[in-house]
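Here is a short briefing on one protein chain. Look over the sequence and the model first, then read on.

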Amino acid sequence: MVNNNKNNNNKHIKSSEWITVLNNDQTEKLINPELGDWRKICWLHYPNVDWDIGWYFTIRGAESLHLYLWVLKDLSWTQDWFVCGHIFGILAVLWSCFLLYRAYEYRNIKEFWTNIGQFLWLFANLWWMSGELHDFSYPQSEKWYDKRTIEAGYIMETALIWLAIYYLFIKPFHILPPTKESEKMYDDTGLNPRFSFLFATWREYENIHILFWLGKDYGWNKLNPVIWILFLIPTVLIAVDFVLISLFQKNLLIEHCHYIAQVFWVIGNLLWAYGEIYHPIYDYPYDLFSKSPNRFKTFRWYSSWTLLLAYIPLIILYITWYRKDYKESNHLDQANHRSNDYGKKTIITETTNNPILVHKESPVKYQDNGYGTISSNDHSTDQTNGHQTTNEISVFVDIEDDSTS
């Protein structure tokens with residue numbers, strides 16, 4: 001007879017709203033799939049990879065480093081820091097070239113096409129910025145800003161047309177599709193896009209964000225409020241959606257923190273552009289710690305602080321990353337210490353007088369020597385070559401004396 005006590009206890013829960021799943025210990029639990037399991041919140045877990053300098057040369061790592069450079073470029077621009085603006089701007093453009101080369105190396109036409117549009121967009125930003133930084137730093141020289149702003153607008157138009165060709169022709173007609181292997185390399189988060197009928201993968205959802213952000217900057221460049229608002233709305237909504245979706249993915253703390261930084265970046269751009277479009281007389285680059293009461297009148301000053309706040313989630317991420325590596329290293333040291341006290345590390349050696357060794361499975365007899373050491377000598381003959389093969393296997397395990405604990 002089936003015991004239905006558990007089911008009777010949950011009769012008040014509609015089956016359409018809740019589902020039964022198994023915990024790791026095989027006990028049942030009920031969760032609401034729409035609300036998500038709070039234990040999967042990424043902030044409750046460490047990053048799923050160890051930090052290493054080589055991470056910045058992976059696809060996600062390289063794009064994260066690009067974000068750091070780009071935000072620093074924008075922060076320098078809001079403050080009219082001539083040297084820092086050019087340094088970070090040029091580095092961001094050069095790193096964009098690296099991302100472009102990486103897409104070409106992986107033979108991924110989607111990423112290659114998108115990265116060309118991104119490169120044009122970033123170069124236009126650098127060109128636009130250089131005009132203002134020059135005029136602010138060298139007021140007595142010939143003015144560059146108006147001319148370079150117009151030229152940057154042309155470059156952005158080219159980038160918009162370039163991406164429009166992809167979304168109107170290449171994508172819908174599956175022209176030059178990338179290999180499945182290269183697609184998996186870029187789409188490695190395991191997330192599903194919000195609008196699956198429009199985007200086949202999460203990566204496509206991420207890339208459409210570039211198009212909207214570019215359009216937003218183009219409207220800002222032209223000081224056209226209609227174009228700016230038209231592209232601003234999806235840019236902000238998608239950025240927030242990235243944060244919300246990644247929040248309940250326990251293995252995506254790294255991506256989640258970068259998505260949060262991206263939201264601050266978008267809001268910083270929003271404040272700055274709003275000030276230039278609707279309050280152009282209040283656009284002086286007041287210092288971050290300026291005591292002038294006029295600083296509160298310019299949205300550019302608020303933008304500077306917002307861009308600076310974009311690094312807060314990243315700082316928290318790297319502190320968490322360090323703690324993870326420290327704890328793992330400390331745990332390994334403790335394990336080695338116990339190994340030295342109670343036994344020896346596992347050592348496996350193999351010797352043979354047969355130059356052509358064919359692996360063979362054979363029964364192995366083990367004997368405890370009384371010191372926590374289990375050893376075995378397996379002598380077998382390779383019948384094919386007629387040579388004797390000797391495999392010496394020593395397996396050392398840690399054995400604590402229960403009487404001492």
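At roughly what angle do the axes of α4 and α5 cross, and within what distance do they come? The two axes cross at roughly 170° and come within 8 Å. Angles over 145 degrees count as roughly antiparallel, so α4 and α5 are roughly antiparallel to each other. The model is predicted.

**Overall make-up**
- The protein chain holds 11 helices and five strands.
- Of its 405 residues, 41% are buried.
- Take the contacts between residues at least 6 apart in sequence: 66% of them join residues at least 24 apart.

**Helix α4 against α5**
- The contact of α4 with α5 contains 18 nonpolar residues.
- Seven polar and five charged residues complete that contact.

**Helix α4 against α7**
- Helix α4 spans residues 109-137, and helix α7 spans residues 202-221.
- Their axes come within 11 Å and cross at roughly 25°.
- That angle makes α4 roughly parallel to α7, because angles under 35 degrees count as roughly parallel.
- The crossing of α4 past α7 is left-handed.
- By class, the contact of α4 with α7 has six nonpolar, five polar and five charged residues.
- On the α4 side, the residues in contact are K110, E111, T114, Q118, W121, N125 and W128.
- On the α7 side, they are R203, E204, N207, I210, W213, L214, D217, W220 and N221.

**The largest nonpolar core**
- The largest nonpolar core has 65 residues.
- The members that touch the most other members are L67, Y68, V71, W202, Y205, L214 and W265.
- Eight helices each supply at least two residues of this core: α2 (59-78), α3 (82-105), α4, α5 (145-170), α7, α8 (225-247), α9 (253-278) and α11 (312-342).
- Helix α9 gives the most, with 12 residues.
- In soluble globular proteins, nonpolar side chains tend to be buried together.
- Y205, one of the core members named above, touches P193, R194, F195, F199, I238, D241 and F242, leaving aside residues up to four places away in sequence.

**H134 in α4**
- H134 lies in helix α4.
- Is H134 buried or exposed? Its relative accessible area is 9%. Buried means under 20%, so H134 is buried.
- H134 touches F82, S141, E142 and W144, again leaving aside residues up to four places away in sequence.

How values were computed: Residues are numbered from 1 along each chain as its sequence is written. This is a predicted model: local features need pLDDT of at least 70, side-chain atom pairs count only at pLDDT 80 or more; totals for chains, interfaces and linings use all residues. Side-chain values use heavy atoms; hydrogens and water are left out. Axes are lines fitted to C-alpha atoms, for helices over the stretch in contact, and angles run from 0 to 180 degrees between N-to-C directions. Helices (H or I, at least four residues) and strands (E, at least two) are DSSP runs, numbered from the N terminus. Angles under 35 degrees count as roughly parallel, over 145 as roughly antiparallel, 65 to 115 as roughly perpendicular and the rest as oblique. A crossing is left-handed if the near helix is turned anticlockwise from the far one by less than a right angle, and right-handed if clockwise. Contact means heavy atoms within 4.5 Å. Ala, Val, Leu, Ile, Met, Phe, Trp, Tyr, Cys and Pro count as nonpolar, Asp, Glu, Lys and Arg as charged, and the others, Gly among them, as polar. A nonpolar core is a set of buried Ala, Val, Leu, Ile, Met, Phe, Trp, Tyr and Cys residues joined through side-chain atoms within 4.5 Å. Buried means under 20% relative accessible area, exposed over 50%, partly exposed in between (1.4 Å probe, protein chains only).
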